[in-house]
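I opened a notebook to keep track of what I looked up. The entries follow in the order I made them.

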Amino acid sequence: MNRQKFIDKFIAAFVLLAMFKVVGIVAQLFHESFWSVMGTLAIFLVVAFIILLVITSLKDKEQNNRNSAGRKGSRSGSFYLENSLFDRIRSKYEELAEKYIAEKDYKKAARVYMNLLQDNYRGAKTLENGGLYNEAAVVYLKKLNNKSDAAVCYEKAKQHKKAIELYKEMEQKEKVGDLYKEINDLKNAHYYYQIVADDYTGNSQMVKASLVYRKKMEKPEEAQKILLKGWEEDKDAFNCLNNYFTNIFDVKKLESEIKDLYEKTPDYKKITYLEAMKYEFKKDPELQAAIRNIAYEIIAEKVNTRSEIVNELKYFNPGDDVILKDISRFKTARNKMFRN
């Protein structure tokens, strides 16, 4: 029994010394004034005192378990002691970090998370939330190898060159272009935007390529060319045609383009053209006559092989009950013909 008491006291003394050692490390890391360090020391002394009370209490329980359950109970008590002690210490560190956050001392809170709780991510996030973006970026980068969050922090800190280098490493070319544009380096911005546009074009993503030209590079003519190319080469043809017309704001010019493109449209793409006309018909009353004529022509051409196409007439005659009756009569007559 005396030997057990000696071990108990040794454990308590060891924990207390360990706590003083941690305080020493924290003090060195913080590089704060004497009274600041003494305040931190006081907090850790309280933690150490609580730990000693926990050890005493839990050791008593362990002894009771040993007396009542023998050797098996002893193992259970030791396990309970270790886990309870760990939880109490961790809880006190969490409280300390929260205290520093409440005081807006984000550096100290981050160090508690990183050095005492071994949680680098929460440390970095605490710095970021506190507006210490440069410090957060360093932790993200060196402790977590997280280039993405580090780049975001450098961007928030207006450290554009550092952010650009990280985005280059991650091959986020459009983001690189955005940052070059933000610092008015248009030459480099357009260089990277062009790479992005070429990548989209190479992958037949013509609409996305056109948006880079229009929104990022401010080249609407190039955007229209790429959309027209997509329509002509059947690379997301409908969306390219739809966006091409959407970017024409002058009604007279739009009407002219609708007519001219229809004249060049091959037979196999006329159904797609008809689908696009449904959207253009709603834009302006001035367009409706020309679009209705095109729609009628396509429907008349296709009705023999695709009888269901007559249903499309209702889109170009909204509110016309007569046309709906005509469509119904046509479908009835068609069905009778097939039955006979």
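Leaving aside neighbours within four places in sequence, which residues is Lys-270 in contact with? I take contact to mean heavy atoms within 4.5 Å. I found Tyr-262, Thr-265, Ile-298, Glu-301 and Lys-302 in contact with Lys-270.

**Ground rules**

I note that this is a predicted model, where local features need pLDDT of at least 70 and side-chain atom pairs count only at pLDDT 80 or more, while totals for chains, interfaces and linings use all residues. Residues are numbered from 1 along each chain as its sequence is written, and side-chain values use heavy atoms, with hydrogens and water left out.

**Whole chain**

I looked up the secondary structure and got 16 helices and zero strands. Helices (H or I, at least four residues) and strands (E, at least two) are DSSP runs, numbered from the N terminus. The protein chain has 340 residues, and 38% of them are buried. Buried means under 20% relative accessible area, exposed means over 50%, and partly exposed is in between (1.4 Å probe, protein chains only). Of the contacts with a separation of 6 or more, 42% join residues 24 or more positions apart. The chain exposes about 20,300 Å², and carbon and sulfur atoms supply 53% of that area. Accessible areas come from the Shrake-Rupley method with a 1.4 Å probe, and for residues only the protein chains shown count as cover.

I went back to Lys-270 and placed it in helix H14, residues 270–281. Is Lys-270 buried or exposed? Lys-270 counts as buried, at 11% relative accessibility.

Glu-312 sits in the loop between helix H15 (285–302) and helix H16 (321–339). Its relative accessible area is 17%, so Glu-312 is buried as well. Not counting residues up to four places away in sequence, Glu-312 touches Leu-274, Lys-278 and Ile-299.

**Helix H10**

Helix H10 runs over residues 206–216, and I listed its buried residues as Met-206, Val-207, Ala-209, Ser-210, Val-212, Tyr-213 and Arg-214. An α-helix has 3.6 residues a turn, so residues three or four places apart point the same way. The buried residues of H10 pack against helix H9 (186–202), helix H11 (220–232) and helix H12 (237–246).

I picked out Val-207, which lies in H10 and is buried at 16% relative accessibility. Which residue did I find 33 places from Val-207 along the chain, with its C-alpha atom 6.0 Å away? That residue is Cys-240. Cys-240 is also in contact with Val-207, as are Leu-227, Asp-236, Asn-239 and Asn-243, leaving aside neighbours within four places in sequence.

**Positive phi values**

I checked some backbone angles next. Just after H10, Glu-218 takes a positive phi of about 55°. Asn-184 has a phi near 65°, a positive value in a residue other than glycine. Asn-184 lies in the loop between helix H8 (173–182) and H9, and it is exposed, with a relative accessible area of 67%. Asp-234 is not a glycine either, and its phi is positive at about 60°. I placed Asp-234 in the loop between H11 and H12, where it counts as partly exposed at 39% relative accessibility.

**Helix pairs**

How do H4 and H5 pack? Helix H4 (residues 120–129) and helix H5 (residues 133–142) pack at an angle of about 160°, with their axes 7 Å apart. That makes H4 roughly antiparallel to H5. Axes are lines fitted to C-alpha atoms, for helices over the stretch in contact, and angles run from 0 to 180 degrees between N-to-C directions. Angles under 35 degrees count as roughly parallel, over 145 as roughly antiparallel, 65 to 115 as roughly perpendicular and the rest as oblique.

I then looked up H12 and H13, which pack at an angle of about 150° with their axes 10 Å apart. H12 and H13 are therefore roughly antiparallel to each other. Leu-241, Tyr-244 and Phe-245 of H12 make the contact with Leu-254, Glu-257, Ile-258 and Leu-261 of H13. I sorted these residues into six nonpolar, no polar and one charged. Ala, Val, Leu, Ile, Met, Phe, Trp, Tyr, Cys and Pro count as nonpolar, Asp, Glu, Lys and Arg as charged, and the others, Gly among them, as polar.
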